[in-house]
Amino acid sequence: MSGGASKLDYEGRRIKVREAESVAVMVDILRGLGCETDDATCIAQHLAEASLSGVESHGVMRILQYARQFQSGYMKPVATPSVTHRDGAFVTIDGDGGHGIPAMGMAFEAAGKIAAEIGIAVAAIMNLGHTGRHGAFAEAAARKGLMSILIGGGNREVWRQVAPYGGATARLPTNPWCVGLPGGDLGPVVMDLATSMVAGGWVYAAQSAGASLPEGCVIDRDGKPTTDPSDYFNGGAILPAAGQKGYALALTAELIAEALIGPVKTEANWLLVMIDTKRMAAADTLHSRAEVILNDIRTCPPAPGFDRVEIPGERERRLHAEAAGVIAIPEATWTDILDLRNSLAAGI
C-alpha cells in the first residue's frame, strides 16, 4: 500500500521512542494507578506491540484513556478473570470488572484448551474493560492451529459512537469483528476491524495529537461531514463502514452481545468461537491450500496509488519488522503520557 500506517492527517512532529522505554513508562503509570506488575506489563507490552504493528488507534496513546477509566472507577485496577460456567463446548468467562487485555488473553487461552480437547469452543466473555487489539490474540491462536471468530458489542447507552445507516446521530458502538486462522508461507491471516469507518481509537488519537481525520469518516452534531475530531466529541458520530454493510454487522454484534449474552457490565460483551482446524484439515494441507489462494491475491497488479496488494495480518507483521523496535508517537501525545507518569509519581 502507499503511504504510512496512520490514518491521521498529522503534519506535526513525532517523537521516536524505543519499545522498551514506552513499556517502562506505561508500566510506571499503570502501577501508579494501582495495577499489579504482571497486569501492568501485559497491558503495556500489548499497547507497544499495537503501535509497532501500525495500529496506532490501539497503541501507546490508549494509556491516557485507560488512566481516566481507572481513576473514574470505570475499570478495577486489580481483578481476577475466571471461568464461571462450562457446559460442554460452551463456557462463560467473567473479567471481574478489570482491564480487558489480560482478561481477553485468559479467555483465548481457556477457549483454546477446550477447542483442542473437543474440537470447538464457544465462549461468552463479560464484565471487562477495553480489550486492546484483537488481532494479536487471533494471531497467537492461529499459530497453534486454531481458527477464532470474535464478535463484540453492547453498552450502546454509554458508547453511542456510530450512526446507523441513514441516521444522523450516534446509536451504536464500533462493535468489532475479528477472524484469525492459519495462513500460508507468511503466517496467519487475521481480519480485525471495527464496523465503523474508523475505530473509536483513531478519533481519540486524532484529538490527542491535534490531528484531523480522513474525509468521509465522521459527521458533526448536525449530521454534516467533518474531519475535526472535536466535532465528534461535541455530539457527532462516526459513520458505519461501507454504509449498510457495516451497519448490519454492527447491529448483529449488538444483538449477539446483549440479546443473546445478556446485560453488559463495564464495556462490552464478547462471543468467541474457537475451532481446532486440525479436525478439518491437516496442518500442512491447510497451509498449502491457503498459500495458493494468498499468493494469487498478492500477485494481483496494484491499482494506481498502491505499491502492492497486501493480506490482512501480513501487513501488520511487515510494519512491525520495519519499525525495528521504534515507535513514532505524536509529540503532544508523548508529552501528555510523560506528564501523567510524572504526576502519578509525585502523588498529584
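1. The protein chain exposes about 15,700 Å², of which carbon and sulfur atoms supply 55%; accessible areas come from the Shrake-Rupley method with a 1.4 Å probe, and for residues only the protein chains shown count as cover.

2. This is a predicted model, in which local features need pLDDT of at least 70 and side-chain atom pairs count only at pLDDT 80 or more, while totals for chains, interfaces and linings use all residues. Residues are numbered from 1 along each chain as its sequence is written, and side-chain values use heavy atoms, with hydrogens and water left out.

3. The radius of gyration of the protein chain is 20 Å, in agreement with the value near 20 Å for a compact globule of 348 residues (taken over C-alpha atoms; the rule is 2.2 Å times the number of residues to the power 0.38). Of the 348 residues, 53% count as buried (under 20% relative accessible area; exposed means over 50%, partly exposed in between, with a 1.4 Å probe and protein chains only).

4. Thr277 is located in the loop between strand E11 (269-276) and H9 (helices, H or I, of at least four residues and strands, E, of at least two are DSSP runs, numbered from the N terminus). Thr277 counts as buried because its relative accessibility is 10%. Beyond its neighbours within four places in sequence, its contacts include Gly145, Pro182 and Leu286 (heavy atoms within 4.5 Å).

5. Ile293 lies in helix H9 (residues 283-298) and, at 55% relative accessible area, is exposed.
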